[in-house]
Each structure stands twice: as structure tokens, then as C-alpha cells.
Amino acid sequence: MPKLSPLNVIPLLPGTNCGQCGEQTCMSFAVKLLDHLIELKECKPLFSEKKYAKKLKKLKELVTPPIISIKIGTGEKQISIGGEEVLYRHELTYYSPTAIFVDVNDEDLDDLIQRTEFVKNYDWIRLGDRINLQGIAVRSLSGNPDTFAQAVKKVLSITDLPIILCTLDPKIMEAGLKVTKNKNPLMYTATKENWKEMAKLALEYDVPITVYSTDLDELKSLCVSLENAGINKIVLDPGTIPGEGHIGETYSRHIILKKSAIEKGDKSIGYPTIGIPAAVWMDQDIKNLSLGERVTLSYEEAKLGTILISHATNLLIFHTAENWFMLAIGVVRQNVYADPRINPAVEPGLYEINNPTPESPLFLTTNYTMTYFVVKGDLEESRIPSWLLVIDTEGIGVECAVAGGDLNVDAIKEHIEKYKVNEKVKHHGIIIPGLAARLQGELEDSANKVVIVGPRDCGGIPFLLEKRWNLEKIEELWQEMQS
Ligand code: SF4
């Protein structure tokens with residue numbers, strides 16, 4: 001599918017530049033629409049005036065992505081998966097990060113409670129982004145509808161995160177659907193054996209459904225059967241087979257599905273995909289595994305998970321519920337879904353860390369996200385009240401910004417003035433990064449500051465303050481500089 005440009009969209013908009021969408025022109029609306037910064041429904045005249053009905057229909061077809069978006073769950077925790085328009089992230093960006101679910105089963109209630117609590121409470125901040133988990137996949141091991149329903153109820157009593165109901169038995173599925181009424185769970189899964197009964201349930205409860213087959217022709221034919229039955233909320237599972245020789249096959253099937261939908265425009269499989277790295281634990285006597293065996297399986301699971309995230313599998317179910325494991329998976333996801341068109345930058349300015357006073361030390365860094373968050377984190381953890389002057393280097397780190405001239409004395413002086421540093425900070429010292437040491441002399445002359453060269457690694461800041469931050473000395477030095 002060729003990439004859309006605003007010129008494809010403009011002829012289908014009313015073209016009146018009425019401003020009801022909050023944009024000054026239809027062109028600006030078109031640009032934002034394609035960048036996912038505004039929704040089509042914001043163009044009110046398109047929906048309210050009959051004369052635009054044909055344009056609206058065409059526009060909807062035009063902007064519906066080749067992989068449609070599916071919602072799971074309800075309320076604040078609801079997630080959308082899919083919606084990709086491009087095969088490669090650098091062509092646009094991916095908008096709905098891979099949703100991460102953790103499995104629980106209906107045979108071990110204590111384990112279910114513990115794992116559900118883990119998922120609910122998992123929350124890390126990394127580089128200003130939240131790394132958290134999106135839901136629980138409840139598996140029926142008991143084979144008993146009532147036991148399954150009780151397990152699902154228990155999960156619902158702990159969290160309002162989205163749920164996947166996992167069973168091949170339509171009777172057990174129905175028991176789960178009854179207790180998740182109006183919660184919009186994802187059904188897992190329809191197969192060539194059970195799809196008719198499962199389709200009935202998906203229609204009756206109006207929920208999304210997964211369809212499974214490792215044979216892609218069969219998967220496609222199952223999708224067509226579900227579509228003919230009136231179902232359009234489908235998630236594709238082409239199988240996740242762990243073990244030597246199978247990972248490549250798993251990956252290929254996921255890629256073939258995306259390529260067929262995005263590049264060849266095959267609408268019959270234009271749905272999000274699900275992968276199950278937890279499959280590495282299948283057929284294992286989990287309770288009797290040694291620590292070494294568990295670590296090996298978790299490692300295999302992480303490997304499979306990161307491979308699938310790397311090409312934007314839309315939802316993954318894991319078994320390992322450990323901090324270290326989820327942090328690794330979350331960081332991979334964060335990196336894959338970072339917008340490649342946007343420099344990783346934070347707003348420049350004068351930041352207050354730990355409630356500084358006018359006498360608190362003043363630090364300087366660039367607005368490269370990695371640098372900013374690491375310096376800020378180290379200052380916060382050290383509990384040192386301080387000021388952090390963040391210079392706009394267009395998201396470039398200290399060493400490259402000094403080399404390229406983006407971090408220079410004029411820029412620092414401009415930021416000192418712009419952010420009124422001298423009104424808030426009542427001393428004449430400034431600590432610059434060790435990697436910007438070459439600016440020291442010129443900055444002292446030009447900005448009239450006593451410049452202290454900090455460590456090359458901000459982990460050394462507490463040591464620097466203890467040994468070299470002395471306000472009296474700084475002011476003495478400053479007086480000397482004036483004479
Ligand atoms: S509301 Fe529609 S017609 Fe009005 S400016 Fe926005 S896009 Fe154009």
C-alpha cells in the first residue's frame with residue numbers, strides 16, 4: 001500500500017477551512033490526521049452534513065490502516081492493538097506498542113493471585129516513559145467450566161486490566177464470557193475444529209476473537225469464515241513454536257502475515273497478531289524444575305519475545321512473571337516503539353530537583369533524553385537539592401553536542417538569560433559535565449561564572465559535591481575574577 005500524503009486526503013475534506021476541528025485549515029487537519037494526532041471525527045461537518053456522505057465513506061476507506069485496530073478490555077485500562085500502516089518503523093512509526101500479558105491458570109489459585117498482583121503492580125519509569133503490563137491471560141487447565149469461571153472472577157476481583165480467556169472448549173469459554181460480560185475480553189482461540197461454536201459466542205457476547213493455525217492458508221480460510229459469519233474483530237495466531245529450528249518458522253509466519261496485509265493489501269488477514277512466548281513452558285513439570293532449568297526456560301522465552309516484538313507482533317503472552325524479565329522485555333518494546341522521526345529530546349529549561357534553594361548547586365546538561373533522565377535520576381536519588389539547566393541541543397548528547405557546536409558558550413548564556421537563572425540561583429557557580437570540559441575557560445570569561453568541571457559519568461556527582469562544592473570558595477573565586 002503506497003504511503004498516504006495530505007494531498008490524498010485534502011480533496012475528500014469539505015475544504016472550507018471552517019476551523020471546527022481546532023485547526024486553522026483543512027491542510028493542517030490532513031497532516032495531523034495522517035500523523036495520528038487528530039481523529040477523523042473531529043471534522044464535524046463531514047459527519048453532520050449529508051452532502052459530504054460520499055467523501056466521508058471514501059475517506060474512511062482511505063485512512064483505515066491495512067491492519068485494523070482491535071480494542072480489548074474497557075475503561076481506562078482498555079488497549080488497542082494493531083493499526084499499522086507500514087511494514088518498517090522508519091517509514092512512519094508504530095503507534096500501538098506490543099501489549100504484554102501474563103498467563104495464569106485455573107488450577108492454582110494462590111499462584112493466580114500472586115501473578116495477577118504482579119501484573120497489576122508492575123510499573124517502572126524509564127527515560128520518562130512508563131513500562132507496565134497490559135493484562136492477564138486466564139488459561140483453563142482444569143477442563144471444568146465452573147472452575148474456570150471462578151478463576152476469571154478472582155482475577156476480576158483483583159484488577160480491571162484486560163483479560164484473555166484461553167480454552168479450546170466452547171462450553172468453558174462461555175463460562176468465562178458470562179463472568180466477563182461487558183468487559184470486552186479477547187477469546188483465545190478459534191481453530192478449524194471449534195470455530196463455528198466459538199464464532200457464535202463471539203457474536204453473542206460481541207467480543208474480539210483469536211483464530212489459530214500454523215498453516216497460513218488455513219488461517220486465512222478461517223478468517224474468511226469468521227468474516228462471513230459477521231465477525232470483524234479478529235486477532236491472528238500463526239503459532240509460536242519454541243525450540244531449535246522453530247523460532248525462524250514462527251518469525252517468518254508473523255512476517256508473511258504483515259507483508260501480505262500491508263504490502264499486498266490482503267484485507268482478509270488485515271488483523272493484529274498474537275504470539276505466545278509462554279509456549280516454552282508447555283509440557284514442563286513447572287513446580288519441580290530446578291532454578292537453573294527455570295532460568296534457561298525464561299531465557300528462551302525472553303529470546304522468543306524480543307524476536308516477536310522486533311517486528312511488531314501486536315500482543316504477547318508470557319509466563320515468566322519476574323521484575324528482571326519484564327524490564328528487559330519492556331526496554332526492547334520501548335526502543336522498538338520510539339518514534340524514529342523524533343529526536344529523543346526533553347524540553348530545555350531550568351529544572352528544580354529536590355526543592356532547591358537559591359544557594360543550591362547549579363548543574364548543566366543537554367536535552368538529550370538519555371542524558372537528561374540519567375542526570376536527573378542521579379540527582380534525585382542522591383537527595384541533593386539542586387538546579388538543572390537543560391540546554392537545547394536538539395536532542396544531542398553532551399560529547400557530540402560540544403563537538404558539533406550545539407553546546408557552546410553562547411547557547412549557555414542564552415539559556416541562562418531565557419530561563420532567568422540569575423534570579424533564582426544566588427551564587428556564581430555552575431557545574432558542567434566532564435565531557436564539556438573544554439568550554440570551561442570561555443564560559444568563565446563570557447558568562448561571568450565560576451565553572452566547575454563535573455565528572456564524565458554523573459554517578460560521580462555526590463563525590464564531586466562532597467569534595468569540591470564549597471559556596472564560600474566559589475564566591476571568593478568569583479570576587480577574584482572581578483578584579
Ligand atoms: S473541521 Fe473539517 S472542514 Fe473545517 S477546517 Fe477542519 S478539516 Fe476543514
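This is a predicted model: local features need pLDDT of at least 70, side-chain atom pairs count only at pLDDT 80 or more; totals for chains, interfaces and linings use all residues.

Reader: How many helices and strands are in the chain?

Author: The chain has 19 helices and 17 strands. Its C-alpha atoms fill a box of roughly 90 × 65 × 40 Å along the principal axes.

Reader: And what does the accessible surface come to?

Author: About 23,800 Å². Carbon and sulfur atoms account for 50% of that.

Reader: What share of the contacts joins residues at least 24 apart?

Author: 66%, counting contacts between residues at least 6 apart in sequence.

Reader: Let's do aromatics. How many pairs are there?

Author: Six aromatic pairs, taking ring centres within 6.5 Å as the rule. In one of them, the rings of F318 and F325 have centres 5.4 Å apart and planes at 75°, so the pair is edge-to-face.

Reader: Are F318 and F325 buried or exposed?

Author: Both F318 and F325 are buried.

Reader: What about Y351 and Y372, how is that pair classed?

Author: Tilted, because the planes sit at 50°, with the ring centres 5.1 Å apart. Y351 is in strand β13 (residues 349–353) and Y372 in helix α13 (residues 369–382), so the pair ties together parts that are 21 residues apart in sequence.

Reader: Which residues form an aromatic cluster?

Author: F118, Y122 and W124 form one.

Reader: Back to F325. Which residues of α12 are buried?

Author: F325, M326, I329, G330, V331, R333, Q334, V336 and Y337. They pack against β3 (99–105), α5 (109–121), β4 (123–126), β5 (129–132), α11 (291–310) and β12 (315–318).

Reader: Why does the span of helix α12 agree with what it should be?

Author: Helix α12 covers residues 323–337, which is 15 residues. At 1.5 Å a residue they should span 21 Å, and the end C-alpha atoms are 21 Å apart, so the two agree.

Reader: Fine. What is R126 in contact with, leaving aside its neighbours within four places in sequence?

Author: I131, V331, Q334 and N335. V331 and Q334 are among the buried residues of α12. R126 itself lies in strand β4. At 24% relative accessibility, R126 counts as partly exposed.

Reader: And how far is R126 from G377?

Author: Their C-alpha atoms are separated by 9.9 Å. Along the chain, R126 and G377 are 251 residues apart.

Reader: Switching to charges. How many salt bridges does a search of the whole structure find?

Author: It finds 18 salt bridges. One joins the side chains of E42 and K44, at 3.5 Å from N to O. E42 is partly exposed at 26%, and K44 is partly exposed at 39%.

Reader: Which pair links distant parts of the chain?

Author: K77 and D160 do, with a salt bridge of 3.3 Å, N to O. K77 is in the loop between β1 (69–72) and β2 (79–82), while D160 is in the loop between α6 (145–158) and β7 (163–166). The two are 83 residues apart. K77 is partly exposed, with a relative accessible area of 36%.

Reader: What forms a salt bridge with K376?

Author: E380, with the closest N and O atoms 3.3 Å apart. K376 and E380 are four residues apart in helix α13, so about one helical turn separates them. An α-helix has 3.6 residues a turn, so residues three or four places apart point the same way. K376 is partly exposed at 21%, and E380 is partly exposed at 37%.

Reader: Which residues are linked in a network of salt bridges?

Author: D103, D111, R115 and R139.

Reader: Last topic. Which residues form a nonpolar patch on the surface?

Author: L7, M27 and V31, with about 280 Å² of accessible area together. V31 lies in helix α2 (residues 26–34). At 36% relative accessibility, V31 counts as partly exposed.

Terms used. Residues are numbered from 1 along each chain as its sequence is written. Side-chain values use heavy atoms; hydrogens and water are left out. Rings of Phe, Tyr and Trp (its six-membered ring) pair if their centres lie within 6.5 Å; planes under 30 degrees apart count as stacked, over 60 as edge-to-face and the rest as tilted. Buried means under 20% relative accessible area, exposed over 50%, partly exposed in between (1.4 Å probe, protein chains only). Patches are made of residues with over 30% relative accessible area and no salt bridge: like charges are joined within 9 Å, nonpolar side chains (Val, Leu, Ile, Met, Phe, Trp, Tyr) within 5 Å. Accessible areas come from the Shrake-Rupley method with a 1.4 Å probe; for residues, only the protein chains shown count as cover. A salt bridge is a side-chain nitrogen of Lys or Arg within 4 Å of a carboxyl oxygen of Asp or Glu. The expected span of a helix is 1.5 Å times one less than its number of residues. Contact means heavy atoms within 4.5 Å.
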